[in-house]
Amino acid sequence: APPAGCSAQARPCFAVEGPGSDLVCFTLSGSEGAGGSGRPLPRCFLPAPARCYSLCVPAAPSVPAARLHRRLRQRLRQGPLGRCRVLGLLCYSAPGGQAALEKGFLIQDPQGGAETERALEELLRGQGELPPPPLGVYEAGERGELWQCLWVLRGAGGRDLLRRARVVAAEEPPLHPAVPGLRHAAVFLSLEAARSVVEQCTSLIPEATAVLDLVDKCPKHSKKGDFPVIVIEGLDATGKTTVTQSVKDSLNALLLRSPPACISQWRKTFDDEPTLIRRAFYALGNYIVASEIAKASTESPVVVDRYWHSTAAYAIATEISGKVQNLPPTQHEVYQWPEDLLKPDLVLLLTVSPEERIRRLQGRGLEKTEEETELEANSLFRQKVEESYKRMENPGCQEVDASPSREEVLRTVLHLIKKHCGSL
Ligand SMILES: Nc1ncnc2c1ncn2[C@@H]1O[C@H](COP(=O)(O)OP(=O)(O)O)[C@@H](O)[C@H]1O
Ligand SMILES: Nc1ccn([C@H]2C[C@H](O)[C@@H](COP(=O)(O)OP(=O)(O)O)O2)c(=O)n1
């Protein structure tokens, strides 16, 4: 069967996620030679002798599909494929067909040649998928036009041509193609949604069972006690650790963090997994913290270092490629607090200028995590995390300029807490 999204009624559209901030989009022309003539070819297709290929897997929020996508990405860096440039590719049916979204790669082979094509076929056959994902091969026609040949690989060898269609440039869609699927692929709006993803992993990741055991021991629908609960959010090195420590001392509060200590030894394991699994892990961490907050807030004020807003903001910013304008529009469901998660009284978002943040990161002198390095390298990513934080609702984040001295930032924070949470 043709891959979903490639039916005759809804022509597939493709969005290539280049290193720049724009998506490069193209579609397939229905009939021979028709449409798109005169428009320049999408610039992700390099002139001969370079050659391009594409491969896609369903973006359905399933653990096997997510892991297959990740495995393919790793393998594309190895062997003869290592010389190719690999760009992210989203394939979706026009208009806005969410069910048919596929995720994959556009592979640019600078030298061309049969070796790459053979290696790609081998790679796809070697994944244990039956049938293997189809391979798209792009070839120039006689008049300089571009064709996509979609090959269905037979498991045992050989291949059949599923379609040959002209590639024509397309407009960037009004909504980033990954937006409709976010809710199921990265931002989980209930305990059950996150739990079911981690449950699918128990045979593959032994730690998943341990996480679920801890989650299931927590009372459901934890209620907050009478003391105030204050969450401190912000990008790394904005001063969360510093502020939460001082607030704890000033208010005689209990300090908690998400992910909680009881699951942090498994963090590395889940950080190495695809988005779907990684974000579900962090989401569950919040539900465990919620039960700790519920208990603690019956006895003293509680200050929390990162909570739901971090989980959602980082998930959205990593899934949505390109510029800040590609984020889901304000009031989108992914910015809403999950109904079954304990709500804090106040959420403060610490912000500092990018320059000051880098000074602090360097001053701290710790080894940088991969994500921190990415944050530095990619200021767009940082902007998307911060903008997502700001769009969160119910409760929203109150921004605090954390550039001044430690003492002054603490004064501002304590003032806001007094104002919102009354006398302590
Ligand atoms: N107001 C401030 N002025 C100058 N340096 C600060 C301030 N707040 C924190 N720092 C320093 O910046 C670095 C990052 O702060 P930290 O509290 O660890 O941030 P986070 O927990 O958000 O990663 C630390 O070295 C800390 O001492
Ligand atoms: N409650 C939380 C806390 C962190 N995360 C994720 C979001 C990012 O991928 C990382 C950020 O963690 P990082 O290591 O930079 O944070 P710390 O400064 O160590 O608190 O963890 C989350 O999803 N939910």
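**Ligand shells, domains and a helix pair**

Biologist: Which of the 13 residues around ligand 2 come nearest?
Modeller: S258, Y282, S310, T311 and Y314 come nearest, out of 13 residues around ligand 2. A residue is near a molecule or strand if its C-beta atom, placed from the backbone, lies within 6 Å of it. Keep in mind that this is a predicted model: local features need pLDDT of at least 70, side-chain atom pairs count only at pLDDT 80 or more, and totals for chains, interfaces and linings use all residues. Residues are numbered from 1 along each chain as its sequence is written, while chains are lettered from A and ligands numbered from 1 in the order in which they are written.

Biologist: Which helices each supply at least two residues of that shell around ligand 2?
Modeller: α9 and α10 (308-319) do. Helices (H or I, at least four residues) and strands (E, at least two) are DSSP runs, numbered from the N terminus.

Biologist: How do the residues of the ligand 2 shell divide?
Modeller: Four nonpolar, six polar and three charged. Ala, Val, Leu, Ile, Met, Phe, Trp, Tyr, Cys and Pro count as nonpolar; Asp, Glu, Lys and Arg as charged; the others, Gly among them, as polar.

Biologist: And ligand 1, which residues are closest?
Modeller: G239, K240, T241, T242 and R360, from 15 that surround ligand 1. Two or more shell residues come from each of α6 (240-251), α11 (354-364) and α14 (406-421). The ligand 1 shell has three nonpolar, seven polar and five charged residues.

Biologist: Switching to helices. At what angle do α4 and α9 pack?
Modeller: About 130 degrees, for α4 (residues 191-199) and α9 (residues 275-296), with their axes 8 Å apart. Axes are lines fitted to C-alpha atoms, for helices over the stretch in contact, and angles run from 0 to 180 degrees between N-to-C directions. The two helices are therefore oblique to each other. Under 35 degrees is roughly parallel, over 145 roughly antiparallel, 65 to 115 roughly perpendicular, and the rest oblique.

Biologist: Which residues in α4 meet α9?
Modeller: L191, A194, R195, V197 and V198. Their partners in α9 include F281, L284 and Y287. Contact means C-beta atoms, placed from the backbone, within 7 Å. By class, this α4 and α9 contact has 11 nonpolar, no polar and one charged residue.

Biologist: Last one. How is the protein chain divided?
Modeller: Into domain 1 (12-169) and domain 2 (182-421), with bounds from an automatic or database domain assignment. Their centres, taken over C-alpha atoms, are separated by 36 Å. 12 residues of domain 1 contact 12 residues of domain 2. Helix α1 (residues 63-75) gives the largest share of the domain 1 side, five residues.

Conventions: Contact = placed C-beta atoms within 7 Å.
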